[in-house]
Amino acid sequence: MWDIKPPRKRFYRRPWFIVPAALLLSALLVGLVFVLGEKAKLEAEAAKFDYNRLEEMESATVIFDRKGAVMGRMFTQNRDQVDFDHLSPHLLKAVVAAEDARFYQHHGVDYKGIARALIKNYKLGKKAQGASTLAQQLARNTFPDQLPPGEKSYQRKLMELAVAREIDKRCTKEKILELYLNRVFFGSGFYGAEAAARGYFGKSAKDLTLSESAMLCGLLKSPSNLSPWTNRQRCIDSRNYVLQRAMEIGLITAEEREKTLQEDIVVKNRRPIHQESYAADMVAQQVAKLVGRDNAVSEGYRIYTTIDPDLQKVAEKALREQLVEAERHEGFKGQTAVEYDVEFKQHQKQAAADESGTLALPDYLQGGVVVLDNSTGGILALVGGRNFAHSPYNRAVSAARPAGTAFKPLVYAAAFEKGYFPGTLLQDAVMDNRQVMIGGQTGILGEWGPERVDNKYEGGISARTALVKSKNAATVRLGMMAGVDSVIDLANRAGLMHVVGKDEKGRPTFNLRRYPSTFLGSSEVTLMDMTLANTIFPNGGWRPDKPFIISRIVDRTGKIVYEAARKKVNVIKPATAYEVNACLGEVLERGTADKTYTELGLKKFPLGGKTGTAYNFTDAWFVGYSSAVTCGVWAGFDKPRPIYRGAFSNEIALPLWANVMKATFATYQPKDFPPPKNIIHCEICRASGQLATDKCVETIDNKEAGEKTQRRTTYMEICTEEQAPKVGCSVHSAGETFVKAEAPVTSGNIPRAALAVDVSSVKPVRLLAPTVLGNDPYDSMQSIKNAIAMGKLKGEVAPMDSSATIPAPTAPPPEAAPAEPEVRRAEPVRPLQQQAAEIDRTIPLEPPPPLEFL
C-alpha cells in the first residue's frame, strides 16, 4: 500500500492555537460580561442622579429702574436664565463649533473624538486635546459633588460618561444647548449667555451677531486669559478660531466667515457687576427682608423699582457739584472729598498688594437727596451720600439730624388747624431764650431763621409773613398759642415721630421732644421722613402711608410675589394744607428762598418750599414740592459741627434743590393747586390782624413834598369761615364792637367789619402804669409788658445766635412818641410750673370761714 501521510491540520485546529484562543476568547467573554455588568451598574447609578438639578441654577436677582434698565444685581453666581427661544441661532452654531463639533451625531459621548484625542495626545506625549461633549460638561457643572472636577480616577470618568448618556436620553439636543448656555461661565463674573451678552455687549443673548457669538464661545476655553477687557488680541484670535471651525463643519459658509472676520469686537466699558449705589443697596436690603437673603441671591427674581434713572443721575451730580462749591467757601475748614479720595485710592492700591492699613472713615461734608412721587410715595431718586465706595452709610434714610427751621411749616399747620390763620398777628420781637433754650439757657433767642445777617425785628407781623421770612421768635409764639402737644401730634401723623429708646422706667422715648425748641427743629428727623411729611401740603392734607422703592417682585415663572401697598393717611384739613401751601409758595418769591426764580433760574411753576438752617449752622435743609413731586435735600457732617459761619440753607441746600427740581418738570409736570371750597377771602388790617374797617388807614407824611397822604393798612387774606376774625380792627376803631358780614364771597364783595354803634368820638384809655401791685403770679400784666416792648422797637438788628446781648437800636428814636400805643395780641401765658421754676414766690391764702347750716 502506498504510504500516504494525512494532510496537516490547519493552524487554527492545532492545539497550540486552540488552547490560547479558547483562553483568550474566554477572557474576552468574561471581560465583556464584566464590562456589560459595570456598564449596567454605571447606568443604574447614573439613573439615580437627580436630573431636576439640570434646571436648578442659581440665577441673579436683577434690579430694574422704572424705565426697565438694569440698575443692580444680587447673586452668588451672576446668571440670567433664559429659554431656548431667547438664544441667538448664531450662538448655537458657535458653541457647537467651539465645544462639540459632532454634537448632532453622537448620543452624549463622542467615542470617535475620544479615540482621536487619545492618539493625538499619545503622539505629542502630553494632553493637547480633549473630547468632552456638551453633555459631559453639563454633567460636570450640574453634579460637582458627585463628579468632583479635581478627581482624576477612571471610575469618575466612566461615571461622567454614563451621566452624559443619561442626559442625552432625557433631553433633546435643543434642551441640552439651552441648559449648557445658561450654566457655563463666560468670565468677568458672568454666568450664562444672557448675563454675558448684557455684560459684554449690553444686549440680550437673542440679539447677538455671529461675531459676538463667536467671541463669547471662544472665551469658554479660558475665560480669564481671553477677556476682551484684558487681552483684546487673544480674544480676537479665539473668535477667529471658532469661525474657522464653524466653516469646516459646515455650520457657516466661507463668505460668512470672511465677512465676520472684518468686523471689529466692540464691547461695553467695564462696570462693577453689583452697580454699587445707595438706591441699589437700599433695594437689595429690602429684597433680602422680603424673600430671604439666600433666595434673593439665587432664585433669579426680577425687582421692579420706582427709581427714575435720569432724575437719579441729575440728583447725584447736583449733590457732588454743590458740596464741592460749599467746600470752596472761605469760611469752610476741614477735609474735602477730593482729599479723602486720594487717600482712598492709595489705600486700595495697598490692599491689592496686601499692604493695607486702616483707613479712617470719611470726615468731609456730606449730603442727601430724596425725591418722592406725591401720589404714591414711590421714591424717584435717592442719594445717601457723595460716594458709595467711600461710605455706604445711607444718610437719606438713616441719619437723624435736627431739621432746623425746615420744621416750621408743621408748626403753622398745627396752629391753622386750631383756628388761627395766615393773617393772625404775631410779635416779631425779642424773646427770652429761657422759653426755648436753644444754644443756652439765658439771654435772648437768636434769629438765624431769616437766613440773612441783617435781619431786623419788625414788630407786629402776620403769620404768613412770619413763615415766609422764617422768623424764629414769632414762630415760637405761634407754637405756644397752638400748644406743644398739638404740634407734636400733627408731626406724628405726618410720619415724623418714632420710638428711639426707653427711659429708666422702661417707657418708650421718642425723637420729637415735647419742648418749645422743637418748633425750631431741634429734634432729630431723617431726610426721608421730612420729605414724606411735606407731601401733605401739595396733596391737600394727606400723605402716602410710607415711601417705597420696590413696586413689585416677580419670580422666574412670572408670578408676582410682592407688590407695594398704596395707602393714604389723612393728616390735616384740605384748607389748612392750602393755607400753608400759599405761604410756602411766597417763600420762593419774597422769602428766604427769593432767588429761586431769579438767580437759580427755576421756571415759575406753582411750587412751594421751606429753607431749613439748624442752630449754629450744623445742618442745611430745603424741602419743597410741585403738585407732582416732593424733593428734600440735606447737607452736613456725619459728626455734627458747623459747616461754616453763615452757612444758610439758601446758599447750600436751595441751589441743590433747584437743580433737581428742574429735572422733574418735563416728566412730572406741575399743576396749579386748586383751593378747597371752604376757603374764603377776608380784608384784614395789618395793625391788628382783625377784620378791616373803613377807618383802617394811616397817614403818610411826605416832608419833601410838604403834604400828607392816607393809605389803607389792609390786605386780602385767605381763611375759612371758622378761622375768620369775628370782630373788626381794634387799633383804628378804638375797640368798638363789630359784626362780620355774612354775604357770600364774590368778586368785589369781601367780608369787612361794620360798626354796630358809631362811637368814634370815644377815645381809648391809655394805661400809664401796671394795674397790679405786688406779686403777679399769673402774669396778668404780660400783655401790657408786651405792648410796651413792642412800642420800643426801633428797627433793631436781630442776632443770629441765642444767648446774645440785647441788640441796640440802629436808628435814633423819633422826636415825639406816637399819640396812642400800638396794641398787639398778648403773648401766651407760660405754664405755672415754668414760672415756679424761674422764681420762688408763694401766695399765702387764708382758710375760708366755716359754713353754718340752718
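Start by selecting Arg-645, which counts as exposed at 51% relative accessibility. Here, buried means under 20% relative accessible area, exposed means over 50%, and partly exposed is in between, using a 1.4 Å probe and protein chains only.

Before you go further, some ground rules: this is a predicted model, so local features need pLDDT of at least 70 and side-chain atom pairs count only at pLDDT 80 or more, while totals for chains, interfaces and linings use all residues. Residues are numbered from 1 along each chain as its sequence is written, and side-chain values use heavy atoms, with hydrogens and water left out.

**Stop 1: the partner of Arg-645**

Asp-801 forms a salt bridge with Arg-645, and the closest N and O atoms are 3.1 Å apart. This pair links distant parts of the chain, 156 residues apart: Asp-801 is in the loop between α23 (782–791) and α24 (832–838), and Arg-645 is in the loop between β18 and α22. A salt bridge means a side-chain nitrogen of Lys or Arg within 4 Å of a carboxyl oxygen of Asp or Glu. Helices (H or I, at least four residues) and strands (E, at least two) are DSSP runs, numbered from the N terminus. Asp-801 is partly exposed, at 27% relative accessible area.

**Stop 2: Arg-641 and its neighbours**

The side chains of Asp-363 and Arg-641 meet in a salt bridge at 3.4 Å, N to O. Asp-363 lies in the loop between α14 (337–352) and β4 (366–373) and Arg-641 in the loop between β18 (629–636) and α22 (649–662), so the pair ties together parts that are 278 residues apart in sequence. Both ends are partly exposed: Asp-363 has a relative accessible area of 30%, and Arg-641 has 24%.

What does the charged end of Arg-641 sit over? It sits over the ring of Phe-637, 3.7 Å from the ring centre. To count, NZ of Lys or CZ of Arg must be within 6 Å of the ring centre and within 35 degrees of the ring normal. For another example, pick Lys-604, which lies over the face of Tyr-597 at 5.9 Å from the ring centre.

**Stop 3: a bridge within a helix**

Jump to α5 (residues 154–170) and select Glu-166 and Arg-170, which are four residues apart there, about one turn of the helix. Their side chains meet in a salt bridge (3.1 Å, N to O). Glu-166 is buried, with a relative accessible area of 13%, whereas Arg-170 is partly exposed at 48%. While you're here, select Arg-140, Arg-156, Lys-157 and Glu-160 to see a network of salt bridges. The structure holds 42 salt bridges.

**Stop 4: the rings**

How many aromatic pairs does a search of the whole structure find? It turns up 19. One of them is Tyr-412 with Phe-416, an edge-to-face pair at 6.4 Å centre to centre with 75° between the planes. Rings of Phe, Tyr and Trp (its six-membered ring) pair if their centres lie within 6.5 Å; planes under 30 degrees apart count as stacked, over 60 as edge-to-face and the rest as tilted. Because they are four residues apart in helix α16 (residues 408–417), Tyr-412 and Phe-416 are separated by about one helical turn. Both are buried. For a ring cluster, select Phe-190, Tyr-200, Phe-201 and Trp-229, which are linked by ring pairs.

**Stop 5: a covered helix**

Select α18 (residues 472–482), a mostly covered helix with nine of its 11 residues buried. Among the buried ones are Asn-472, Arg-477 and Ala-482. Their cover includes α16, β7 (425–428), β8 (459–462), α17 (463–468) and α19 (484–493). Just after α18, check the backbone of Gly-483, where phi is positive at about 105°.

**Stop 6: zoom out**

Finally, show the whole protein chain: 24 helices and 24 strands. Of its 854 residues, 48% count as buried. Among contacts (heavy atoms within 4.5 Å) between residues at least 6 apart in sequence, 72% join residues at least 24 apart.
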